[in-house]
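Here is my note on this structure, as promised. Have the sequence and the model open while you read, and take the points in order.

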Amino acid sequence: MIMLKAGLIGCGNMGGGHLGNYYRFNREGSLLQLTCVCDIRRERLDLVRQDTGEIRLYEDLDTMLANEELDMVTIALPTYLHKWAALKCFEHGIHVLCEKPMALTVEDCDEMIAAAKAAGKQLLIGQVLRFEGNYQYLKKLVDEKTYGDVVSVRFTRSSSASAPMGWNNWFLTKELSGGGLYDLHIHDADMLRCVLGNPRAVTAMTRSYFEGSKNDAFAGIYHYDNIVVCAESDWSWKRFPFTADFMVNFERASLELHRGVLRLGLPGCDLQTVDLSVVDGIQTDNPYYSETKYLAECVRDGVENTFNPAFESRETIRLLHAIEESGDNGGKTITF
């Protein structure tokens, strides 16, 4: 049995979530073993539990990579450090799962893809909705035309951010995170591309709310042939919990995700709550666990990641640039 050795780079908010899933892999003892964690903040490292085996702790990435023999890593650092860390890992011959956004520029995305190819290693970006059951079910209905063609789509995503947010307020510093488009709306932008393909153009209105941030609120139109598609994101809400909803209208049915409940509307019937556990091909496990498991299985089996290739994430960054250009120009329609 092949057991892959893994490392976690970054133990903040997202890194803590990945850490919990790695504890699970360690308990399962069949695919992955987390052997080391790196974070520059000692207080974050001190939170790492040692009850699932010895996990070595590092405050310096170069030291960790020099001392450990790793098959794969998860990078959960602030966005502006993604390329820096990924390139170091590829230099050491390590496969990489990198949190979204992939990077803040298309050029940096291209550099990461080229480095992975040169090293002969896998690069998977954590566009986690591709591994989430509700969105997989939506894609299944679209691909199979279960209820006919799509008529209209609305995606919304909101949260209550407050400064400071993240280590050194990096989330709300536009040069470090890209702002709300790149950290919040990116999920829906990627899924719209995944489900419907690339739009012909985008039209967007944006507003910056937090000092030093950008595109904290966004509303836009994605231009497709014969489909009305709109999307909104805003992380400047006050006190309201995080929400990620969608409404998709088909020719013969409507599908709604609202506050985590997926419901299907059919003519002449009461609204039906969708039970994903009985739908073939839909993942219902923790999506962050599922994406990590998927990459590990690709590495173990020597097969290419075709489910969520890095080029897809690169194209989502290119789409966000078009949205940002539209917003910067007062809602000018930008061809994609």
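1. Let's begin with the make-up of a lining: by class, the second largest pocket is lined by 6 nonpolar, 4 polar and 3 charged residues. Here Ala, Val, Leu, Ile, Met, Phe, Trp, Tyr, Cys and Pro count as nonpolar, Asp, Glu, Lys and Arg as charged, and the others, Gly among them, as polar.

2. Before going on, a word on the source. This is a predicted model, in which local features need pLDDT of at least 70 and side-chain atom pairs count only at pLDDT 80 or more, while totals for chains, interfaces and linings use all residues. Residues are numbered from 1 along each chain as its sequence is written, and side-chain values use heavy atoms, with hydrogens and water left out.

3. Back to the second largest pocket, which has a volume of about 270 Å³. Of its 13 lining residues, Ala116, Lys121, Gln122, Leu123 and Glu304 are the closest to the centre. A pocket is an open set of points on a 1 Å grid over the protein atoms alone, with protein on both sides within 12 Å along at least five of seven lines; a cavity is a set where a 1.4 Å probe fits but cannot get out; and lining residues have an atom within 4 Å of a point. Grid points are joined across faces, edges and corners, and the volume is the space filled by probe spheres set on them.

4. Which helices each supply at least two residues of that pocket's lining? They are H5 (106-119) and H10 (310-328), and H5 has the largest share, 3 residues. Helices (H or I, at least four residues) and strands (E, at least two) are DSSP runs, numbered from the N terminus.

5. Now look along H10, where you'll find Arg314. Arg314 counts as buried because its relative accessibility is 15%, and buried means under 20% relative accessible area (exposed is over 50%, partly exposed in between; 1.4 Å probe, protein chains only). Leaving out residues up to four places away in sequence, Arg314 touches Met102, Val106, Cys109, Asp110 and Ile113; contact means heavy atoms within 4.5 Å.

6. Beyond four places in sequence, Glu315 touches Arg193, Asn198 and Phe336.

7. Is Ser236 buried or exposed? Ser236 counts as buried, because its relative accessibility is 11%. You'll find Ser236 in the loop between strands E10 (227-234) and E11 (243-250). Its side chain makes a polar contact of 2.6 Å with the side chain of Asp234, and, neighbours within four places aside, Ser236 is in contact with Ser159, Tyr209 and Phe210.

8. H6 (133-144), E7 (150-158) and H8 (180-196) each supply at least two lining residues, and H8 gives the most, with 4.

How values were computed: A polar contact is a pair of N or O atoms within 3.5 Å; within protein, one must be able to donate a hydrogen and the other to accept it, and residues adjacent in sequence count only if both atoms are side-chain atoms.
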